[in-house]
Amino acid sequence: MPKQCKISFGGDTHPPMQVDEGSNLSEILDIANSPILFGCRTGICGTCLINVDAGEEEGASPRNEEEQALIPILAPDHPHARLACQMRPQGDLTIRPLRLE
Ligand code: FES
């Protein structure tokens with residue numbers, strides 16, 4: 001049985017969820033109607049830009065090639081920014097939509 005990871009969304013916007021380690025968040029969070037929105041799901045549009053709470057970075061897979069290319073452009077001042085469609089959970093995480101002005 002895969003390890004379970006608790007995904008929280010900060011505040012009381014949505015109850016925390018238990019997901020399998022390594023699962024595809026774009027599928028699971030869409031079904032759950034979470035506050036994280038998705039567009040392309042391939043790492044090019046930035047719709048799913050999120051921030052992982054400080055201290056919980058180890059709960060996420062390392063940035064893949066798509067994230068390494070896009071995040072420095074979209075959110076250069078946010079060291080914990082991730083693309084939810086590309087990131088895979090590896091442990092407990094608190095994620096929040098990252099809104100850029
Ligand atoms: S949904 Fe487009 S980058 Fe994640």
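1. Helix H2, residues 65-74, lies across S3 and S4. Its direction is at about 130 degrees to that of S4. As the model is a predicted one, the points below describe that prediction.

2. The two strands under discussion, S3 and S4, run antiparallel and are joined by three bridges.

3. S3 and S4 belong to an open sheet of five strands with mixed pairing, and the order is S2-S1-S5-S3-S4. S4 is an edge strand, as is strand S2 (17-20), and each of these pairs on one side only. On average, neighbouring strands of the sheet are turned by 40 degrees against each other, direction ignored.

4. The largest nonpolar core has 21 residues, and the members that touch the most others are Cys48, Ile50, Leu83, Ala84 and Ile95. Two or more residues come from each of strand S1 (4-8), helix H1 (25-31), strand S3 (49-52), strand S4 (81-83) and strand S5 (93-97). S3 is the element that gives the most, with three residues.

5. Isoleucine 50 links several of these points. Leaving aside residues up to four places away in sequence, isoleucine 50 touches Ile36, Arg82, Ala84, Ile95, Arg96, Pro97 and Leu98.

Notes. Residues are numbered from 1 along each chain as its sequence is written. This is a predicted model: local features need pLDDT of at least 70, side-chain atom pairs count only at pLDDT 80 or more; totals for chains, interfaces and linings use all residues. A nonpolar core is a set of buried Ala, Val, Leu, Ile, Met, Phe, Trp, Tyr and Cys residues joined through C-beta atoms within 7 Å. A residue is buried if 20 or more other C-beta atoms lie within 10 Å of its own, exposed if 12 or fewer, and partly exposed in between; C-beta atoms are placed from the backbone. Helices (H or I, at least four residues) and strands (E, at least two) are DSSP runs, numbered from the N terminus. Two residues are in contact if their C-beta atoms, placed from the backbone, lie within 7 Å. Two strands pair if DSSP finds at least two bridges between them. Axes are lines fitted to C-alpha atoms, for helices over the stretch in contact, and angles run from 0 to 180 degrees between N-to-C directions.
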